[in-house]
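Subject: Structure for you to look at

Hello,

Here is the structure I promised to pass on. Please open it and keep it beside you while you read my notes below.

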Amino acid sequence: WPRQWLQRHESSAIADWLVGQRRHLEQGRTWLRWLAAGLLLGASLWGAYELREVVNSRTALLTPADLEALAWIEDNVEPDALFLIQSSEWMAHVYAGSDGGYWITPLTGRRTWPPPALYGLGSADYIERVNQVASDAGKIADGATLYALLREHGFTHVYLGRYGGTLKPESFADRTLFRPLYQQNAIAIFALENHRVGWSEQKKMWAQ
């Protein structure tokens with residue numbers, strides 16, 4: 001029996017040792033997981049910090065100069081005006097404004113072409129018409145041809161932001177077709193001639 005007792009004692013000691021080793025191993029794995037998570041978090045924070053100067057200011061469409069121009073629009077342009085704005089194909093079959101003109105509708109209530117990007121939820125015919133006119137306008141360099149296109153679709157104004165785009169200022173140089181209303185801080189606003197009297201002009205007439 002001493003041998004049997006010794007065997008049982010050794011077996012129990014080995015089992016206890018194995019359990020202890022397993023416990024230490026699990027604790028070690030937990031510690032390593034926490035260490036890896038901490039290192040990953042630290043690396044992510046450091047990477048974000050290093051990228052702080054990489055933000056492209058060009059992606060900020062609305063600038064202080066645009067805010068001044070939009071305030072002017074709110075005070076001087078009739079509420080039902082329709083603006084042609086700089087745009088580009090943002091995603092498949094959807095055009096979006098590419099400068100501060102994008103914010104004309106949200107901040108002043110005046111309509112723009114193309115409208116805010118949610119127009120992509122409209123009917124297929126409507127989306128196609130918006131895209132076609134936006135695309136055609138950006139390709140026409142001749143002022144008279146561009147004027148005819150805009151008049152056909154009921155445009156009253158043009159907004160050219162400070163970033164430039166497919167719409168070129170020289171296309172609006174003919175003062176018999178496009179009347180400059182606002183030119184400040186690299187932003188230009190034109191009215192199509194021969195459209196109805198502007199809101200600010202109406203207010204002047206009423207005051208007389």
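Start with helix H4. Its buried residues are Ile127, Val130, Asn131, Val133, Ala134, Ser135, Ala137 and Gly138. Bear in mind that this is a predicted model.

H4 covers residues 124-139, which makes 16 residues. From first C-alpha to last, H4 reaches 23 Å. That is close to the 22 Å expected at 1.5 Å a residue.

Now turn to H5. Gly143, Leu146, Tyr147, Leu149 and Leu150 are buried there. Seen down the axis of H5, these residues fall within an arc of 165°, so they line one face of the helix. Their cover includes S1 and H4. Strands S5 (157-160), S6 (178-184) and S7 (187-192) are also part of that cover. After H5 comes glycine 154. Its phi is positive, near 80°.

Last, find glutamine 86. It sits in the loop between S1 and S2. Is glutamine 86 buried or exposed? Its relative accessibility is 1%, and buried means under 20%, so glutamine 86 counts as buried. A polar atom of its side chain lies 3.2 Å from the backbone nitrogen of threonine 166. Glutamine 86 also touches residues beyond four places away in sequence, among them Ala96, Asp99, Tyr159, Leu160 and Leu167.

Best wishes

Conventions: Residues numbered from 1 in each chain as written. Predicted model: local features only at pLDDT ≥ 70, side-chain atom pairs only at ≥ 80, totals over all residues. Heavy atoms only, no water. Helix = DSSP H or I, 4+ residues; strand = E, 2+ residues; numbered from the N terminus. Expected span 1.5 Å × (residues − 1). Buried < 20%, exposed > 50% of the residue type's maximum accessible area, 1.4 Å probe, protein only. Polar contact = N/O pair within 3.5 Å; in protein donor to acceptor, adjacent residues only side chain to side chain. Contact = heavy atoms within 4.5 Å. Arc of directions from axis to C-beta.
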